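Hi there,

Here is the structure I promised to send over. Have a look at it first, and then read on for what turned up.

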Amino acid sequence: AATGPDTVGAHPEGASPLGIHDLAGNVAEWVEARDLAPGRGVVRGGSYETDMATALRTWVRVELGDAVRSPAIGLRCAYSAARPGVP
């Protein structure tokens, strides 16, 4: 069992078809959630602390207070890359 986060991209065989790494099982990710009350946030994806495989899904949504801090929760910095033929 893992005892902490792994190095980003350490499991290239687990990348998505679009080449996205670490979507589930490394650290859960804070995501934007506009429908929550102030002081609340959402994490997705499960982490190394997740003990049920069914919770290691990108669509699993866990609501937390936005003051929660844990080494099992992180952020994903992302941007939209320009692709030919896509506005």
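Let me start with Ala24: leaving aside its neighbours within four places in sequence, Ala24 is in contact with Gly45 and Leu56, where contact means heavy atoms within 4.5 Å. Ala24 sits in the segment before β1. With a relative accessible area of 36%, Ala24 is partly exposed; buried means under 20% relative accessible area, exposed over 50%, and partly exposed in between, with a 1.4 Å probe and protein chains only. The C-alpha atoms of Ala24 and Thr58 are 6.4 Å apart in space, although 34 residues separate the two in sequence.

A word on the basis of all this. This is a predicted model, in which local features need pLDDT of at least 70 and side-chain atom pairs count only at pLDDT 80 or more, while totals for chains, interfaces and linings use all residues. Residues are numbered from 1 along each chain as its sequence is written, and side-chain values use heavy atoms, with hydrogens and water left out.

Now the overall picture. The protein has four strands and zero helices, so read as DSSP runs numbered from the N terminus (helices are H or I, at least four residues; strands are E, at least two). The C-alpha trace spans about 40 × 35 × 20 Å along its principal axes. Of the 87 residues, 21% are buried. Among contacts with a separation of 6 or more, 40% are between residues 24 or more positions apart. The protein exposes about 6,500 Å², and carbon and sulfur atoms supply 57% of that; accessible areas come from the Shrake-Rupley method with a 1.4 Å probe, and for residues only the protein chains shown count as cover.

Next, Ser47. It is found in the loop between β2 (40-44) and β3 (61-65), and it counts as buried because its relative accessibility is 7%. The side chain of Ser47 reaches the backbone nitrogen of Glu49 at 3.0 Å. Beyond its neighbours within four places in sequence, Ser47 is in contact with Gly25, Asn26, Val27, Ala28, Leu56 and Ala72.

- Asp35 and Arg61 meet through their side chains at 3.2 Å, N to O. Asp35 lies in the loop between β1 (28-31) and β2 and Arg61 in strand β3, so the pair ties together parts that are 26 residues apart in sequence. Asp35 is exposed at 59% relative accessibility, and Arg61 is partly exposed at 38%.
- Arg40 and Glu63 form a salt bridge at 3.0 Å, N to O. This pair links distant parts of the chain, with Arg40 in strand β2 and Glu63 in strand β3, 23 residues apart. Arg40 is partly exposed at 36% relative accessibility, as is Glu63 at 40%.
- Glu32 pairs with Arg34, the closest N and O atoms being 2.9 Å apart. Both Glu32 and Arg34 are exposed.

Finally, the surface: Leu18, Ile20 and Leu23 make a nonpolar patch of about 280 Å². Patches are made of residues with over 30% relative accessible area and no salt bridge; like charges are joined within 9 Å, and nonpolar side chains (Val, Leu, Ile, Met, Phe, Trp, Tyr) within 5 Å. Ile20 is found in the segment before β1 and is partly exposed, with a relative accessible area of 34%.

Best wishes

Terms used
A polar contact is a pair of N or O atoms within 3.5 Å; within protein, one must be able to donate a hydrogen and the other to accept it, and residues adjacent in sequence count only if both atoms are side-chain atoms. A salt bridge is a side-chain nitrogen of Lys or Arg within 4 Å of a carboxyl oxygen of Asp or Glu.
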